[in-house]
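Thanks, everyone. I will take one residue and then one interface.

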Amino acid sequence: MTATRYAARVVALPMCALFEARGAEQGLRAALDAAGFAWPAHSGVIVDGLHGSAILRFGPARVLIRADLSREAALADRLEPAFATVGDADVARVSDMYAVFQVAGSSAEDVLRQGAPLDLSADRLPQGSVVATELWAITAFISRDRTAEASFTLMVERSYAGYVADWLAVANGGKPAASPGVMTNPPRPLAV
Amino acid sequence: MTAMRLPNGGLVDRTQPLRFQFDGMEITGFAGDTIASALLANDIVLAGRSFKLHRPRGFVGAGYDDGIMVDRLSPRPAPNQLAAVTGIEPGAVYRSVSTWPSARRDFGAVAGFFAPLLPAGFYYKTFMRPSWHLFEPLIRAAAGLGRVPVETWQPTSESRYGDCDVLVVGAGPAGLAAASTAGASGARVMLVDDQPSPGGRLLHDGFADQAWLAEMLAMLEAMPNVRRLPQSSVWAYHEHNLLTVIERAPSDARDLDFRTWKVRARQVVIAAGAQERPIPFPDSDRPGVMLASAARSYLHRHGVRVGARAIVFTNNDSAYATALDLAQAGSAVTVLDARPTVAPEVQARAADRGIRLRTGAQVVRAIGRARVSALEFETAQGRERLDCDLVAVSGGWNPAFHLASQSRQATSVWRPDIATFVARHASEDFSIAGAATGTFGTSDCAREGAAAAATALGRLGIKSPAVPVPESGDAFVANEVHPLWFVPRSKGAGKVFVDLSGDVSTDDLGLAMREGYDSIELIKRYTTAGMGVDQGKTGNVNVIAVVGALSGQPADAVGTTTFRPPYVPVEFGAIAGARSQARLYPWRHTPLTGWHVEQGAVMYEAGLRWQRPGYYPQPGEDWSAAAQREARAVREGVGVYDGTPLGKFQLKGPDVPRLLDLAYVGDFSKLKPRRGKYSVMMSDDGLILDDGVTFRLDEHRWLLHSSTGAADRVHGHLEQLLQVHRPDWRVSLIPVTTQWANATLCGPLARDVLAALNPDFDISNKALPFMGMVEGHVAGLPVRVFRVSWTGELSFELNTPARHGPALWQAVMQAGARFAITPVGSEANHILRVEAGYLSTGHEVDGTADVHDLGLSGLIGPAKTDFLGKRSMEIRRRADPSRFELVGLLPEQGQMVPEGAPITPGGDRIDQEGFVSACVMSVAQQRPVALGLLREGRRRMGETVRARVRDRIIAMQVVEPVFHDASRSRVKS
């Protein structure tokens, strides 16, 4: 008998290097090109970039560049000068803003579908694609990894990391994660 | 003993006897029994009492059409378990609902003597003097449903989303054919059925089709693209093919009690079958009177023969199957057929089994109280009486198209041949097949199911394969029904109950109509017909027909009521899933939360899901003492608070100044790099949306700060401006709120603490003036420092990438130790900002105030000709110049005033002329001080106004809205 209801493995990954680039499509493309990065052909597509990075595109005007944290300085050295030359596109370091989780195994979808209304099946979210969707009432980026086994990478705003970790544990059928410092109601009644 | 378990037969597992208790009696059943079947097997026919009158009641149906409930006292106490669908558990203790001491001997039966005082709608008429509340507790205690157990137990539930190409509701012949067809095409299929085993009525009918059933099951098992959900019910059909399903005891997750699915199906096939309806007659609610199909179901599914001397009362052929099977099982059977003639082949089959048949028969009344013991009936030959222990009734079949109706894409239409309503729809989203459309033969149902699936697949552009359908003919189907809606009361006969769950009789329906409730929707609500446990599954059509008969109209002219979810009862715990405790709502933490918690901070939400420290109580302190101490530390020394949640947006582009000038009332185009400006953001209806400080980082980049609680609103507002209203403007906007952690030093000694952090930049007032910024390092950590203040004291906001947040905070506490630095929570911050007269979104900025109301006219750039909201604001002010304006208030006699308290003329209970937006115990003035909005407040300085707090009136003096350092000399020091 497994300790959890599902056989999914949930792992909180270490901080990664993340840069967010936004702007008019033309300027965004030009800046990325100047920095030496490929432009993903479609929204929702992940392409490989320099320094082992992955470029995730969301719509015409938004891109995330993700890599191992050790590459953060190298990426900054490429991206910041390139964007400085373009007037209507910008890049910001957002490595500290996101927490990253990996959910893998044959029942990974069983876990994630408890929070995500979007169809995450392999033919709707193939490997190498990413989608921004709701996950337990917050925004999450979910991508299907290029692995033999079913595996998803989740990115959520870091401030929600504890909340998401708790949900992932419970959705997997395990015990709730400890959540000190969470109270749903103010403690003091107003004396009238 | 008359109801009994037969030595053979049924689908129960006779190798697994299970013992349980019901109303104190020890009962043995088998694995696979429901509570109902196990009780019947032990000849327990009286299992409950009616909702209002506590009449003895027995099982009428064998599924969700039955209304008998029991409370499970252990294990896992839970009220209102439907006995006919809930499986027995070993060692369980059940008791009948709302009875005392038991269903058999219920004290509540005295309610029967008060029946004349308890007609429909009695609670509007009787028990009103001297006060309804005098009688209410007794009536509520006596009525209806089980009590929520005192012991806390939560089911283990999961709530999840699903998607499929075709969702099939029901696994009878039509549903199985539909699912097999859809599955064989390769489409993603979900097959939902409320029974533990698929087959629908084939489990107690159509034994010639068992081979076909086995073939279908084998096909479905072999299809990985088909997901079967047994013991599951589709209980709601929402817009755009979103359906809610409850899966009970899922086989793939043994620890779960429930799984709730929210399924988006591209196509739906509703093959939910049909429900048999009774023929109500006087006292037909007695235990032992049940639906003919139920008697057959108990016989074949559970091996229980529910009566040895059975009378079958019917107006259609389908009940003959029950008669023949009961006779085969050894019952002495008489059929009373209301029709004047019966087909010869049917008569012959009945005669072969030794069944007596009387045509043109009408039951007059049932005899017996705790159990039916005889029937009186009339034929052309006159009135007769026949002893019995079971009456199996069939008045026809009602197609179950409730879900189609819930989708709001179907209406009901009358079919006279089967004397009931069926669905009419032209939706492209779903199909209905089988008995749910009024088709009753097995082969026909299967063919319709396959065709419905083919239609669904066609709509998806998928080719459908052929699947086999059973070819055997059914002997008895209700293809023609001789309408008989009820048998009226004759003199001396008992009531005719049409809706058993609500104790609604024909008398009640007549009374409602005489009192003027002339539409079926009003009659439903007034009498509660159709509102009980079975939601009218067996009674609705009879109610409609009775109303028609009493009003002289056909049933189809009366119409149906509106079907709404839930189709079956659903536990709240199942809907909630795992949403409890910390998972009830999203919550957010800053990188410094660990430190706050370690220091004993009391944490709670303070804006946009952020869990923040409210105060840091020391031993012996309550919240007020802690907040006072922290606020005093800021006024007299130095404090530090976690300002991480403040909204932050990085802007870049040549049109950023234009955007800021449009969105804010201030003028940003001349702002120099490294300088900030405080301004107010308006919505296009001229009211304040937010306030905040925007800094120009360099020639091209800006950092816009919003308030914590308005961050998402401001982001959406700016994106709408850029994407919709000004798509040609060259601006990029990147939210960076949580990229930065923030430790804000505040107080007269703030600069001293900053100096102790070894900054590599000049922190003098000249180099870093108020509203200035600098980037550099403190304690070896990269920081951006902003000189803004929200406390009315010298302040430095130290922002560092969030990964350095804990290290920065530690460094600040270490450096500040010799200055007795104090961590400051939201409560103290509130005191400080009220003293300083600073605004707060949600208090003074309440969605009705504009920039002039709050005394901020000076923020409007003198050279600005326009900004968002300007015109609306001016039009509003011109139309009503008498505005609520920001004032300070000094409550008399040291009284605190609740925030939100209305200010009324004289303190009277009349329309308010203002309200108190905030009230705190000021550390600067050692007394309560308040801010408020008061009509024409600025010209009423010195006046005394009055706040109304329930029955108290609190006098307050109107003063300027600032109580500390009005010149802002400390802020700018």
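Outside the four places on either side in sequence, R784(B) is in contact (heavy atoms within 4.5 Å) with L697(B), L703(B), W740(B), M773(B), V774(B), E775(B), E797(B), L798(B) and N799(B). This is a predicted model, where local features need pLDDT of at least 70, side-chain atom pairs count only at pLDDT 80 or more, and totals for chains, interfaces and linings use all residues. Side-chain values use heavy atoms, without hydrogens and water, residues are numbered from 1 along each chain as its sequence is written, and chains are lettered from A and ligands numbered from 1 in the order in which they are written.

With a relative accessible area of 9%, R784(B) is buried, meaning under 20% with a 1.4 Å probe, protein chains only. Its side chain makes a polar contact of 3.4 Å with that of E775(B); the term is a pair of N or O atoms within 3.5 Å, one able to donate a hydrogen and the other to accept it, and residues adjacent in sequence count only if both atoms are side-chain atoms.

Now the interface. Here 60 residues of chain B are in contact with 59 residues of chain A. Y161(B), R583(B) and W587(B) supply 15% of the area that chain B buries against chain A, more than any other three residues; buried area is the accessible area (1.4 Å probe) lost on putting two parts together, summed over both. Between the chains there are 13 salt bridges, each a side-chain nitrogen of Lys or Arg within 4 Å of a carboxyl oxygen of Asp or Glu. One of them joins E158(B) and R5(A), with the closest N and O atoms 3.0 Å apart.

Note on methods. Buried means under 20% relative accessible area, exposed over 50%, partly exposed in between (1.4 Å probe, protein chains only).
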